[in-house]
Amino acid sequence: MTQTAPTGTDGAAVRLTGLRKSFGDVQAVAGVDLHIAAGEVVALLGPNGAGKSTTVDMLLGLSTPDAGEVRIFGRAPRKAIGDGLVGAMLQDAALLDDATVAESVALVAALHRKPMPVADALAAAGVADLAARRCSKLSGGQKQRVRFAMALVADPDLLVLDEPTVAMDVETRRDFWQTMHKTRRTVLFATHYLDEAEQFADRVVLMREGRVIADGSVADIRAHVTGRRLTAVVDAPDAARLAALPGVTDVDVRGNTITLGCADSDLAVRALLADPTARDIEITAMSLEDAFLALTTEGATR
Amino acid sequence: MNAQYLLLECRRIMRSGRFLIFSMVMPAVLFVLLVGMYGGNGSTYEDGSSVAAAMMVSMGAFGAMSAALSTGARVAVERGNGWQRQLRLTPMSPASYLYTKLIVAMLVAVPSIALVSVLGATVEGVSLSAGGWVMATAGLWLGAIPFAALGLLIGLSIPADSLPSVMGLSSMVLGMLGGMWIPAQIAPDWLSAIMKATPSYWFTQLGQSALYDNKNLLTAIAVLAAYTIVAGLLSARRFVTSAQRA
């Protein structure tokens with residue numbers, strides 16, 4: 001595939017600057033800055049209401065930011081879409097019930113100036129065998145794949161996918177991501193699934209309450225929540241004393257079992273062993289899920 | 001404007017059987033029924049004009065109006081289910097989308113006029129001058145433009161689930177007030193004032209120009225043009241605002 005990756009003046013595929021959007025009193029997006037280089041696969045992760053979909057909408061020019069600027073390959077969103085640089089799959093964008101799969105994809109192709117052959121898009125999205133079927137007769141996962149074919153048929157340089165694998169079963173999800181990786185484009189996808197971000201993204205952007213709260217590789221994000229988790233069994237644990245141990249950042253006590261969040265687990269384990277009852281010690285790396293939970297709930301209960 | 005999009009839209013309309021029956025078959029059936037009841041055997045009004053011819057024009061107008069109105073209003077469904085958002089992700093301009101919908105609405109208005117006219121000329125023995133036939137077909141068809149625009153405006157303004165009731169009601173009210181069902185001449189003064197504010201009244205006037213030298217023809221054209229422009233502009237405005245997520 002020959003992609004003439006058009007680049008903006010700064011070489012960025014996507015550049016969001018100071019993006020803000022409010023709906024009434026609710027600030028959905030409260031100042032987002034994001035820079036995605038051409039060729040990156042970026043996961044936009046966050047709980048419901050974090051502002052992911054609103055950000056995606058503004059990125060695609062479907063809604064106008066209250067403040068800030070969107071640039072896709074150096075162009076305004078509408079211009080980038082007009083130039084056929086963007087393919088997108090939205091959560092709430094429907095298919096036509098009374099049109100067939102092939103008709104729907106062919107229509108999107110016809111509206112673009114340099115689409116890929118419809119058959120190629122159908123095959124790539126794994127829906128070639130459904131071509132003649134009415135869209136009303138598709139399962140949820142099949143619909144998602146048809147929408148993916150519609151995003152792909154434009155032969156875009158940037159793919160924007162909002163919750164692309166929702167309604168897909170495990171196997172379909174795996175196939176989907178395999179297809180995705182073969183396309184070699186810049187991809188921004190919003191997702192709830194941590195494992196998806198972990199396995200398929202070069203980079204994870206974490207959003208909460210309309211802001212980007214972490215941005216980096218999966219390893220970076222993990223490190224963001226200090227290192228390791230230590231569990232042990234201690235007779236008559238004293239939470240206050242445990243919290244005071246060096247290297248410990250948080251303490252959870254359930255009966256005799258303690259769980260310590262550790263910035264420096266080496267220091268913590270040495271100090272803990274001063275207690276002769278300490279046993280069954282396990283030290284594990286924080287999972288992305290731990291990092292995600294820590295980051296997205298941090299301060300939310302203040 | 002994209003030809004393939006227009007083609008797909010036409011195919012989709014053809015697949016909707018119920019829709020075709022309402023816009024095409026119903027006016028024709030009503031025409032035959034009404035003539036059977038009031039206008040058989042070449043009966044005439046007091047002024048000597050043919051009852052069948054008047055009913056042909058009225059039912060042709062009613063069919064064209066309902067077809068254009070309800071086709072335009074189908075955009076409500078596409079707004080509700082997110083298809084419009086999908087189309088916004090393509091290079092097609094919002095104007096092309098609206099124009100395509102208007103053209104489809106106008107195409108759907110053709111069969112009802114054609115069927116009623118053919119029935120009029122063959123079964124019901126309506127005879128008109130060449131100019132009369134042009135006015136009763138092409139004139140009526142062009143006169144349906146404001147209703148396509150009004151349909152679009154309604155479709156962009158109401159939620160999809162209230163579409164059938166709103167459409168049924170507007171066709172009926174516009175048909176009655178437009179004098180398509182009952183001649184406007186027998187209406188009392190207060191009612192006739194209301195009727196003259198509706199586009200359907202002037203649409204009927206346009207149709208009647210096929211039967212006799214109607215001095216209201218120019219007014220009718222002007223009023224229908226004004227409705228087209230206003231409904232068109234309001235639709236364009238609605239379309240831009242409805243794209244923003246609430």
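Mentor: Two strands count as paired when DSSP finds at least two bridges between them. The model discussed here is predicted. In chain A, A:Val14 stands opposite A:Ile36 in E2(A).

Trainee: What makes E1(A) and E2(A) a pair, and in which sense do they run?

Mentor: The definition asks for at least two bridges, and E1(A) and E2(A) have 9, in the antiparallel sense. The hairpin they form has 2 residues between the strands, and A:Gly24 takes a positive phi near 60° there.

Trainee: How do you know that strand E1 (residues 12-23) of chain A also pairs with E4(A)?

Mentor: E1(A) and E4(A) are joined by 5 bridges and run antiparallel; the requirement is at least two, so they pair. Among the residues involved, A:Arg15 has A:Arg71 in E4(A) as its bridge partner, and A:Arg20 has A:Ala67.

Trainee: In what order do the strands of this open sheet lie?

Mentor: The order of the 3 strands is E2-E1-E4 in chain A, with antiparallel pairing.

Trainee: Why are E2 (26-37) and E4 (67-72) of chain A said to stand at the edges?

Mentor: Each has a single partner strand, so one side of each is left without a neighbour in the sheet. Direction ignored, neighbouring strands of this sheet are turned by 15° against each other on average.

Trainee: Which helix lies across E1, E2 and E4 of chain A?

Mentor: Helix H1 (residues 52-59) of chain A does, running at about 120° to E1(A). A:Met58 belongs to helix H1 of chain A.

Trainee: Is A:Met58 buried or exposed, and how do you know?

Mentor: The relative accessibility of A:Met58 is 1%. Buried means under 20%, so the residue counts as buried. Beyond its neighbours within four places in sequence, A:Met58 has contacts that include A:Leu19, A:Val29, A:Val70 and A:Pro77.

Trainee: What of strand E5 (residues 86-89) of chain A: which way do its residues point?

Mentor: A:Val86 and A:Ala88 point one way, A:Gly87 and A:Met89 the other way, and all are buried. E5(A) pairs in the parallel sense with strand E6 (residues 158-162) of chain A over 4 bridges, where at least two would do. A:Met89 stands opposite A:Leu161 in E6(A).

Trainee: Which residues of H3(B) meet which residues of H11(B)?

Mentor: From H3(B) they are B:Val57, B:Ser58, B:Ala61, B:Ala64 and B:Met65, and from H11(B) B:Ser200, B:Phe203, B:Thr204, B:Gly207 and B:Gln208. By class, this contact has 5 nonpolar, 5 polar and no charged residues.

Trainee: Is B:Ser170 buried or exposed, and by what reasoning?

Mentor: B:Ser170 has a relative accessible area of 16%. The limit for buried is under 20%, so B:Ser170 is buried. B:Ser170 lies in helix H9 (residues 163-177) of chain B. Neighbours within four places in sequence left aside, B:Ser170 is in contact with B:Leu69 and B:Ile154.

Definitions and conventions:
Residues numbered from 1 in each chain as written. Chains lettered and ligands numbered in written order. Predicted model: local features only at pLDDT ≥ 70, side-chain atom pairs only at ≥ 80, totals over all residues. Heavy atoms only, no water. Buried < 20%, exposed > 50% of the residue type's maximum accessible area, 1.4 Å probe, protein only. Contact = heavy atoms within 4.5 Å. Nonpolar A, V, L, I, M, F, W, Y, C, P; charged D, E, K, R; others polar. Axes fitted to C-alpha atoms, helices over the stretch in contact; angles between N-to-C directions.
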